[in-house]
Structures are given as structure tokens and as C-alpha cells.
Amino acid sequence: MELGRIQKLTVEEIKDQGAYLIDSSASLPALPEQPRLANRVLQIPHILLPKNQCGHLAPGDSVTVFVYKDSSDRPIATTTLPPLELGGVAELTVTQVTRIGAFLSWGLAKDLLLPFHEQTARVKEGDSVLAALYIDKSSRLCATMKLYPYLHTDSPYHRDDRVSGRIYETSNNFGVFVAVDNQYSAMIPKREVFFPLLPGQPIEARVARVLEDGKLTLSLRDKAYLQMDGDSQLVYSALRGAGGYLPYHDKSSADEIKARFGMGKNAFKRALGHLYKEKRITLEENGIRLVPPPEEQPPKN
């Protein structure tokens with residue numbers, strides 16, 4: 001019998017408190033080898049399925065159950081199957097926040113603990129949280145928002161595919177980590193992040209690259225030739241909003257451009273080139289100036 005797994009067990013005997021189940025020797029899918037998934041095999045002869053879940057079971061019957069620990073920390077079986085198993089990932093709801101962490105609803109009588117040190121951002125009651133299930137040092141089932149070791153690298157996606165996912169962690173050094181479809185490992189590199197992104201935030205993105213190990217590199221922007229029209233319109237609108245002049249040009253720093261326009265320097269230069277070619281702006285030494293449409297230009301003498 002394995003803690004935190006859905007498995008098929010056999011009824012050994014029925015007693016007043018419920019059915020006692022034994023291992024029916026059905027093999028379970030292998031789990032990745034990692035310390036947080038260890039200590040899952042329970043060295044006990046049988047496990048209780050409470051009476052209110054037994055129905056018409058009889059000795060010798062097989063029953064599919066989930067094995068966890070009750071409020072007294074005793075192994076117990078339930079026919080209520082939660083949305084995730086050990087090593088799996090699912091979206092769960094925060095029911096309360098206490099001094100030891102948050103508790104998540106996962107369909108069982110006992111809510112699942114999400115310790116503070118396993119949170120990539122502070123959560124509050126009612127929040128929807130993407131979490132994985134692991135075994136802590138005290139051999140208890142717990143949740144973590146640090147999903148990197150639990151996500152798959154065998155996604156069906158290819159370069160330039162559009163994907164959706166949820167941000168689960170951010171890094172000042174690397175970028176933003178995303179769980180695509182809540183199950184595949186992906187990252188938006190730091191150079192592609194032009195505005196604040198927070199854990200828990202859903203996103204839609206383009207697959208910029210599929211790495212050799214199967215992980216996905218994402219971009220929030222379209223391919224350059226598709227994105228250029230949108231970037232050009234953004235710069236043009238900013239010029240109109242600023243009265244027709246802005247102190248930015250192709251020599252401005254990447255950080256200045258990112259802060260003002262939310263795009264990289266190369267994208268900004270492409271937008272300027274596009275607007276200049278269409279004769280919608282003029283390029284000056286210290287900035288860019290809007291060329292008014294014909295109907296707004298003063299009459300010639």
C-alpha cells in the first residue's frame with residue numbers, strides 16, 4: 001500500500017468500524033525518484049476503509065481507494081478520489097490560512113496543508129492555487145507551489161504553437177516559470193518579461209523554442225513581423241498622448257524603452273523604422289516627433 005496514491009485493494013474482512021483492506025498486488029505506475037516522494041510504502045498489514053464508505057462490500061471484493069492520513073495521523077483509505085496523487089499537480093482552493101500555512105480543499109475530510117515555506121507567493125482564503133503533492137520529513141502529505149520537479153517534459157507542442165498556462169514562480173535571475181496546461185514545464189526568459197507577472201496568474205503565450213530536454217521556452221509576443229504592427233501602433237499612440245514628441249530614440253537604453261513601452265530595444269527600433277517608412281514620425285537627435293495627419297497639418301501659405 002502506498003501513501004498518497006490511488007490504488008486497488010482487496011477486502012480482507014468486515015468489522016463494525018468498516019472494511020479492512022490488504023494489498024491486492026496490483027502494480028502502480030512508477031514515480032520519479034526524488035526524496036519528496038520517498039517513504040510512501042506503508043509497512044502495515046491492512047488499512048481501514050470507514051464503515052460509511054463500505055456500501056455492500058464483502059470479503060474478497062476489490063475496491064479502488066486513495067490512501068492518506070486522518071486527523072490523528074493514522075493511515076486510512078477512502079473511496080473519495082482527490083484531483084491529484086503523490087507527485088501530481090492540480091488546481092486547489094485555499095480554505096483558510098493559519099500560523100503554520102494555508103489549507104487547501106481537495107475533496108477529502110481533512111484539508112491539505114500548504115506550508116508557508118512551500119509558497120512561491122502568499123495566498124489568502126478563496127485563492128485558486130496550483131500545487132503538487134509530496135511527503136514531508138514527518139511522512140505526512142503536504143502541498144507545494146514549487147512545481148519545477150513535478151512538471152512533465154513530454155508536451156505535444158512545437159515552435160510557434162499557442163499555449164495557455166499558469167505562472168507558479170518568478171526569478172530575478174532567470175525569468176518566469178509556467179506550468180503549461182497545468183502539467184508541462186515552461187519558462188519565459190527574463191529578457192522576454194516587459195511587465196510584472198505574478199505567481200498564480202494565467203497567461204497565453206507562444207512557444208519560442210522546444211529545448212533538447214523537452215522543456216518549453218515561451219514568449220508573450222508574436223513573431224517579429226507579426227508583432228511589428230502592434231508595436232508601431234503602441235509607439236504612435238504614446239506619441240499622440242504625449243503631445244507629439246517623446247525623448248526616446250534608437251540610442252535610448254533598453255531599460256528606458258522597456259519601462260516606457262513594455263518592449264525590447266530591437267522591437268522598438270523595428271517600430272520606429274516602420275513608422276518612419278510610413279512617414280508618420282520624424283527622427284530627431286534626442287527623440288521622435290509625430291508627423292500630423294494631413295487633415296491636422298496647418299495650411300500652406
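Both Tyr168 and Phe177 are buried, where buried means under 20% relative accessible area, exposed over 50%, and partly exposed in between (1.4 Å probe, protein chains only). Keep in mind that this is a predicted model: local features need pLDDT of at least 70, side-chain atom pairs count only at pLDDT 80 or more, and totals for chains, interfaces and linings use all residues. Residues are numbered from 1 along each chain as its sequence is written, and side-chain values use heavy atoms, with hydrogens and water left out.

**Exercise 1.** Work out what kind of aromatic pair Tyr148 and Phe177 make.

Step 1: grab the rule. Rings of Phe, Tyr and Trp (its six-membered ring) pair if their centres lie within 6.5 Å; planes under 30 degrees apart are stacked, over 60 edge-to-face, and the rest tilted. This rule gives 5 aromatic pairs.

Step 2: apply it. The ring centres of Tyr148 and Phe177 are 6.1 Å apart and the planes meet at 85°, so you call the pair edge-to-face.

**Exercise 2.** Decide whether Tyr148 is buried, partly exposed or exposed, and do likewise for Phe177.

Step 1: Tyr148 has 42% relative accessibility, so it's partly exposed.

Step 2: Phe177 has 14%, so Phe177 is buried.

**Exercise 3.** Classify the pair of Tyr168 and Phe177.

Step 1: the centres of Tyr168 and Phe177 are 6.2 Å apart.

Step 2: their planes are 40° apart, and that makes the pair tilted.

**Exercise 4.** Find which rings join Phe66 in a cluster.

Solution: ring pairs tie Phe66 together with Tyr68 and Trp106.
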